[in-house]
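Hi,

Here is the structure we talked about. Please open it alongside this note.

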Amino acid sequence: MRASQLHQPTLREPPKDAEVISHQYLVRGGYIRRVAAGIYSFLPLGVRSLEKVKTIVRQEMNRAGAQEVFMPAIVPAELWQESGRWDFYGPELLRIKDRKQADFCVGPTHEEVVVDMARKDLRSYKQLPVNFYQIQTKFRDEMRPRAGLMRGRECIMKDAYSFDASVEGAHKSYKVMYDAYQRIFTRLGLDFRAVEADTGNIGGSMSHEFQVLAESGEDNIVSCDTCDFAANVEKAPLPVKDFPDLAAFGSSPEPSLEHTPGAKSIENVSRFFQLQPRDVIKAVLYNADDQPAVAFVRGDHEVNEVKVKEALGVKSLQFADAKWFKERTGLHPGYVGPYMLENINLASPRGSAPRSVLDWDIRSMQTAVTGSNQHAEHHYRGVVPARDLADAQYADLRMAIAADPCPKCAGKLRAFKGIEVGHVFYLGQKYSKSMNATFLAQDGTEKPFEMGCYGIGVSRILSAAIEQNNDARGIQWPVSIAPFEVAVLAVDPSDLAEKLYTDLLAAGIDVVLDDREERPGVKFNDADLIGYPLQIIVGRKAAEGIVEVKIRKSGERLEMSTADLVAKVVKAIVDARMGTAIQLGAA
């Protein structure tokens, strides 16, 4: 492609609404343009990068035995009502009516459609296993779309769905997809981790997220410094803590009720008693299935709602309104504690006492300060959990943090920020049962399919790759995603630039020739901003058969002879297409 014929509207200044670097560079580099909040058009450079991601995804999905289909973007409400998600999914589901006032939605995901397709065509175990995938536009009506392609309302996604005759078969299909995802993100040149995760709105019982490591990421993940364990902090299990030996406390006095005026937050309570937050028990109040509930953690820890929901065994969990909680329990929000909680008559005529659960780490506290429940501006000091809270319900309730012990080995956890670009779920019979999707099993009985689903954020990958690969000058694309692999920059008039361009094209290299009548500085700046991985600068030494070659990622510059340049460039680019860095030695 010749730059003189290429639509590449680069900008010197970032858009005012672009907060993260990937959003800034995608707009400045001429890849995308905003149409509405969270909705973008892809310009020629953006389409080229998108197609390269799609190609790698297709190749690895096909290699894994999946078969490509294409399902409708507009889905009838009846299918979502069958699965039970029509009302459950929430306002992110864009609901619409056709001219006959029939209800439809714009599909954010396609479990219902693919199950409907499977129950019509897959009738026997002999047709299983099978995996269908598509690459298609999705729409989720995010309340606050932000960060360009990272948190848009419309996105391009690859979603796949496996159907198996048994749990064992479904687990095997899950592993096949897990391995395919490892190959995909490796070929895309991304530094990523596969982490254990919560299944969220999709449902299911086993899940891994594929996270691109980047400081701008919205997800907090941890991985072991010794073994291969990695998990979202919401999913990372933490070890059971034991009570210390009560004999070590001797004859400790009973907890004392103390007046603590103005001390409501953990910070203020710690300051009042001249203690550390780790010595205070924090209460988080919830509305759990329309019943009051409390989760207690150490004051320096954060509650993990996924774990709390599991520990309480509830379907719905939201932070409780303070007024509602007090009316239902008689407790004073801000002064709720586990000590003596079960011995106080808390139930009002309209409600009941709250359920409570404590984090394992509270068991290892020597003594603690905690709220007094019915007394505002009062706390109990000197609570000994091993003695005073021995009969409470305990569970793993908190978020994992750096330096926590690894649940699989003797190592320690490290903390990272991540951008989710892929997710694999084992669904089991969640959708096949609710939608009556069955097959004739080998024993002659009708059985529901065992399912898995597997998503990749194709358009989000562009943002994630940039967040991980950039500098002050622009994008540093991995070769496999770059719109063009090589840029030949014609600085001085010469036939050499044209010859190199033609020879590289003939050798199968994706190359752009910057033949524009622009100053050299403009060409250099645009090449760095757009992010061409390898730049061949044809300048004043062209007559001597010498050019300058720049590797965008490392910034390395080499003077090279053109005698065998094309062969060296071809080898370097072909090798780097598998996700590795460009390696190019001087002649």
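Below is what was found in it.

This is a predicted model, where local features need pLDDT of at least 70, side-chain atom pairs count only at pLDDT 80 or more, and totals for chains, interfaces and linings use all residues. Residues are numbered from 1 along each chain as its sequence is written, and side-chain values use heavy atoms, with hydrogens and water left out.

Confidence comes first. The protein chain has a mean pLDDT of 92 (the predictor's confidence in each residue, from 0 to 100). Of its residues, 96% reach 70 or more. Over residues 346-351 the pLDDT is below 50. Beyond near neighbours in sequence, that stretch has 16 contacts in the model (contact means heavy atoms within 4.5 Å).

Next, a helix pair. Helix α1 covers residues 21-28 and helix α12 residues 458-468 (helices are DSSP runs of H or I, at least four residues; strands are E, at least two; both numbered from the N terminus). Their axes are 8 Å apart, at an angle of about 110 degrees (axes are lines fitted to C-alpha atoms over the stretch in contact; angles run from 0 to 180 degrees between N-to-C directions). That makes α1 roughly perpendicular to α12 (65 to 115 degrees). From α1, Ile 21, Ser 22, Tyr 25 and Leu 26 meet Ser 463, Ile 466 and Glu 467 of α12.

Last, Ile 475. This residue sits in strand β26 (residues 474-475). Ile 475 is buried, at 0% relative accessible area (buried means under 20%, with a 1.4 Å probe and protein chains only). Leaving aside neighbours within four places in sequence, its contacts include Tyr 25, Ile 466 and Ile 530. Ile 530 is 55 residues away along the chain, yet the two C-alpha atoms are separated by 6.0 Å.

Best wishes

Key. Parallel < 35°, antiparallel > 145°, perpendicular 65-115°, else oblique. Buried < 20%, exposed > 50% of the residue type's maximum accessible area, 1.4 Å probe, protein only.
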